[in-house]
Amino acid sequence: GPAGALDGGVSVWRRGCAENALRALLDDFGPEVVVANSFPREQMRWVLEDVRAEGIPLGLYMREEHSMTHLTVSRLPFDFVVANSEYLAAAAIAAGYPCSFVPSVVDLSDAIVETDRRDLVLVNPVAENRPEILRDLATQRPDIPCVLQESWPLPPGWRDELERWVGEIPNLLLRNPVPTPAEVYREARLLVAPYGSGRPRVVLEAQCNGIPVVAADQPALREVVGAGGAFVPLDGRIDEWIQSITRVWDDSRYYDQLSELARLHAHRPEIDPDLIVEQFEQVLAGVAL
């Protein structure tokens, strides 16, 4: 069977298509409970079949809106459901699935840094995350260094387009992936989060360094940003984004207020890793064999 490498005292198996390696892993590892997340619908059905064949409880951990389709389209019979945002938990309950809210654990130890507070940063500049906001702002405000921070590999054609922007705009930078989160925020003054869904860890990483966030006004971001940032309507025009960003950037009193609120929000009890682990263990205790 597959060998699991130790990572922080935990056995970790890595496969490009985890659903294809699952049956051998179940035989080799013999888990009492399986928790799945971030699979497309077809692959999730395969996971369910393999796990059920072994008589093992299967839970869904919802971390993105797409995961709702396992409940609303596929209607899969999970033994339990957990969501990392209150919004997703409420949606699961509305779909007829009892669901617990347990935030994702975010390891902040590699994210803490003394920032120079000079850059505007957008992490993961794929087209759906509206990097044109930074392109247009950089054009209007040559005094603001704007960074498009690559995280997941960008499609080649889209990378070419971003590099074209960077070649035309001196204060716009496309930065390759960096080894630690701290490098993302080492020079950051403000994080832009135009994400249409989800509860990204980058918000917490930025806020723990006192970096405010200008975010899309969608439920999961409302939860994770809290008072430590400003919001723009989800379908807001680019000029609305620029207006909100430049207000935070230019108004030092407003910026300092948001910075302090961001730092406080990043230390709220709800996201303490020990508490999160305890909550997850309580969920698993109800279904373990």
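Analyst: Helices here are DSSP runs of H or I with at least four residues, and strands are E runs of at least two. Counted in that way, the chain of this predicted model has 12 helices and 12 strands.

User: Why is the chain called as compact as a globular protein of its length?

Analyst: The globule rule gives 19 Å for 289 residues, and the radius of gyration of the chain is 21 Å, which is close to that value, so the description holds. Along its principal axes the C-alpha trace spans about 60 × 40 × 40 Å.

User: Why is α1 called roughly parallel to α2?

Analyst: Angles under 35 degrees count as roughly parallel, and α1 and α2 pack at an angle of about 10°, with their axes 9 Å apart; therefore α1 is roughly parallel to α2. In this contact, E19, N20, L22, R23 and L26 of α1 meet Q43, W46, V47, D50, V51 and A53 of α2, and by class the residues are six nonpolar, two polar and three charged.

User: Which residues of α2 are buried, and what covers them?

Analyst: With under 20% relative accessible area as the cut-off, Q43, M44, V47, L48, D50 and V51 are buried, and their cover includes α1, β3, β4 and α3.

Key. Residues are numbered from 1 along each chain as its sequence is written. This is a predicted model: local features need pLDDT of at least 70, side-chain atom pairs count only at pLDDT 80 or more; totals for chains, interfaces and linings use all residues. Side-chain values use heavy atoms; hydrogens and water are left out. Buried means under 20% relative accessible area, exposed over 50%, partly exposed in between (1.4 Å probe, protein chains only). Contact means heavy atoms within 4.5 Å. Axes are lines fitted to C-alpha atoms, for helices over the stretch in contact, and angles run from 0 to 180 degrees between N-to-C directions. Angles under 35 degrees count as roughly parallel, over 145 as roughly antiparallel, 65 to 115 as roughly perpendicular and the rest as oblique. Ala, Val, Leu, Ile, Met, Phe, Trp, Tyr, Cys and Pro count as nonpolar, Asp, Glu, Lys and Arg as charged, and the others, Gly among them, as polar. The radius of gyration is taken over C-alpha atoms; the globule rule is 2.2 Å times the number of residues to the power 0.38.
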